[in-house]
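Subject: Structure for you to look at

Hello,

Here is the structure I promised to pass on. Please open it first, then read my notes beside it.

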Amino acid sequence: MFHHFHNDEHQPGQGSISAATFEDMLHYVGIDRFLSAEEWYRRALEGKLSPDDRCITFDDNLKCQFDVAYPVLRKYNLTAFWFVYTSPFQGSLEKIEVYRHFRISEFPSIESFYQCFYQAVAQSPYEKIVETALKTFDPDTYLVEFPFYTKEDKVFRYVRDRVLGAEKYYNVMDQMIRDAGVDIQKLRGKLWMEVDHLKQLDKEGHIIGLHSHSHPTYLGRLPLKEQKEEYETNASVLENLLGKKPTTVSHPCNSYSGDTLKILKGLGVEMGFRANMFGALASPYEYPREDHANLLKEMEG
């Protein structure tokens, strides 16, 4: 499972890798072990995957993936699953990626950003609720399925997702961006793939799948109506762009519930991926994935 990449055009940031590192990782796993996306999908549906079968997946529809990772895939004649959230195709500057770009472009380190973030929280109406919540929070028991997160990462994600929630978090971050004088409109065309990129990938045998419309960080906790709207819109936009119904999914931030899976089944989705390696395969919508950060740590160890 891959997300962010860097080169001369795309800035390095927390978790991003270069083309050379991506290529090294493919060799470390073994080029011959990777099935094409279509072959992996076929074997999954037929129940014929072997324990050694591997596939490559990308989440979030990021332009850095196309610019940096895609040429490496072409070099080795590999295809992958690309899981796409679709609001950028309708003109949205989706906040999850805008905020990440703000973190890496305006702060010398992630620690520096966290320090400024909590200062902004302290100056907001939400100071007390965050302060109270953190008194009983134990980061050692949170997001344990993602061992690459630091203690500071876990605290931030807890505050963002469980304490503040989307609206309050957006208010804090938007104020930080205004205070920094950053014009986010300049990010148009820089962060996400365009329609032609998706069409090229589809034409070459890659599989384009669902990843919600606006990438809520806690989709599985949303009311069912909102979850359904997220995936119905996601599916409709992709079908209109590519002329075919998407039948695969990966769960944004690994957030889903049994009801989410029922929604996906109702949309004709046949299989999907979670974002960790924990637990048995409970349904066709929960194939495990290894985050590239864990693989990179293994390589370096």
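**The loop between α6 and α7**

Asp140 sits in the loop that joins α6 to α7. Please keep in mind that this is a predicted model. Is Asp140 buried or exposed? Its relative accessibility is 62%, so Asp140 counts as exposed. Now look from Asp140 to Lys151. The two are 11 residues apart in sequence. In space, their C-alpha atoms are 7.5 Å apart.

Leu143 also has its place in the loop between α6 (127–135) and α7. Leu143 has a relative accessibility of 17%. The cut-off for buried is under 20%, so Leu143 counts as buried. Check its backbone too. Phi of Leu143 is near 55°, which is positive, and the residue is not a glycine. Why point that out? Most residues other than glycine have a negative phi.

Asn254 is another residue to check. Its phi is near 60°, again a positive value in a residue other than glycine. Where is Asn254? Look in the loop between β4 (248–250) and α10 (258–266). Asn254 has a relative accessible area of 14%, so it is buried.

**The whole chain**

Now step back. How many helices and strands does the protein chain have? There are 11 helices and 5 strands. The C-alpha trace spans about 55 × 40 × 40 Å along its principal axes. The chain has 301 residues, and a compact globule of that length would have a radius of gyration near 19 Å. The protein chain has 19 Å, so the value agrees with the globule.

Buried residues make up 51% of the 301.

**Helix α1 on helix α3**

Find helix α1 (residues 19–29) and helix α3 (residues 63–75). They pack at an angle of about 40°, and their axes are 9 Å apart. Angles under 35 degrees would count as roughly parallel; α1 and α3 are therefore oblique to each other. The crossing of α1 past α3 is right-handed. On the α1 side, the contact is made by Ala19, Phe22, Glu23 and Leu26. On the α3 side, Val68, Ala69, Val72, Leu73 and Lys75 take part. By class, this contact of α1 with α3 has 7 nonpolar, no polar and 2 charged residues.

**Helix α3 on helix α8**

Stay with α3 and turn to helix α8 (residues 195–203). These two pack at about 25°, with axes 12 Å apart. They are therefore roughly parallel to each other. Here α3 passes α8 in a left-handed crossing. Lys63, Phe66, Tyr70 and Arg74 of α3 meet His197, Gln200 and Leu201 of α8. The classes in the contact of α3 with α8 are 3 nonpolar, 2 polar and 2 charged residues.

Lys203 is found in helix α8 as well. Its relative accessibility is 76%, so Lys203 counts as exposed.

**Helix α4 on helix α7**

Next, pick out helix α4 (residues 95–106) and helix α7 (residues 151–180). Their axes come within 11 Å and cross at roughly 65°. The crossing of α4 past α7 is left-handed. From α4, the residues in contact are Lys95, Val98, Tyr99, Phe102 and Arg103. They meet Phe156, Tyr169, Tyr170, Met173, Asp174, Met176, Ile177 and Ala180 in α7. The residues of this contact of α4 with α7 divide into 10 nonpolar, no polar and 3 charged.

**Val130 in helix α6**

Last stop: Val130, in helix α6. Its relative accessibility is 4%, so Val130 counts as buried. Which residues does Val130 touch, not counting those up to four places away in sequence? They are Val121, Val159, Val163 and Leu164. Now compare the position of His211, which is 81 residues from Val130 along the chain. The C-alpha atoms of Val130 and His211 are separated by 29 Å.

Best wishes

Note on methods: Residues numbered from 1 in each chain as written. Predicted model: local features only at pLDDT ≥ 70, side-chain atom pairs only at ≥ 80, totals over all residues. Heavy atoms only, no water. Axes fitted to C-alpha atoms, helices over the stretch in contact; angles between N-to-C directions. Helix = DSSP H or I, 4+ residues; strand = E, 2+ residues; numbered from the N terminus. Parallel < 35°, antiparallel > 145°, perpendicular 65-115°, else oblique. Left-handed = near helix turned anticlockwise from the far one by under 90°. Contact = heavy atoms within 4.5 Å. Nonpolar A, V, L, I, M, F, W, Y, C, P; charged D, E, K, R; others polar. Rg over C-alpha atoms; globule rule 2.2 N^0.38 Å. Buried < 20%, exposed > 50% of the residue type's maximum accessible area, 1.4 Å probe, protein only.
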